[in-house]
Amino acid sequence: NRIDDVKSFLQKHFGEFVIQDLASSYIDREGKLVMQKNIQITSYPSDEEFLAHKNILINQISLWARDWGQEFMVV
């Protein structure tokens, strides 16, 4: 559902987007290897599109971070 929510939002406000299924890993504070799968959804709006929807985007990201318990989001 998260992917569908993000896709719908980006389509509505910015048009096109790209979806990538990524895998990554890191070493945690205890020295254990943590492997994770990520879905990256990227949009490339023009400067005008971004500025016109910037406040809506920031508000929506704040809601998603709260609702999903996200540790981080890249904007």
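Glu30 counts as exposed because its relative accessibility is 63%, where exposed means over 50% relative accessible area, buried under 20% and partly exposed in between (1.4 Å probe, protein chains only). Glu30 also forms a salt bridge with Lys32, a salt bridge being a side-chain nitrogen of Lys or Arg within 4 Å of a carboxyl oxygen of Asp or Glu.

The model is predicted: local features need pLDDT of at least 70 and side-chain atom pairs pLDDT 80 or more, while totals for chains, interfaces and linings use all residues. Residues are numbered from 1 along each chain as its sequence is written, and side-chain values use heavy atoms, without hydrogens and water.

Across the whole structure, four salt bridges are found. Among them are the following.

| Salt bridge | N to O distance |
|---|---|
| Lys7 and Asp4 | 3.9 Å |
| Glu30 and Lys32 | 3.5 Å |
| Asp67 and Arg66 | 2.8 Å |

Lys7 and Asp4 belong to helix H1 (residues 2-14) and are three residues apart, about one turn of the helix. Helices (H or I, at least four residues) and strands (E, at least two) are DSSP runs numbered from the N terminus. Lys7 is partly exposed at 27% relative accessibility, and Asp4 is partly exposed at 42%. Asp67 and Arg66 are both exposed.

A nonpolar surface patch consists of Ile3, Ile19 and Ile39, which together have about 220 Å² of accessible area. Patch residues have over 30% relative accessible area and no salt bridge; like charges are joined within 9 Å and nonpolar side chains (Val, Leu, Ile, Met, Phe, Trp, Tyr) within 5 Å. Accessible areas come from the Shrake-Rupley method with a 1.4 Å probe; for residues, only the protein chains shown count as cover. Ile19 is located in strand E1 (residues 18-27) and counts as partly exposed at 41% relative accessibility.
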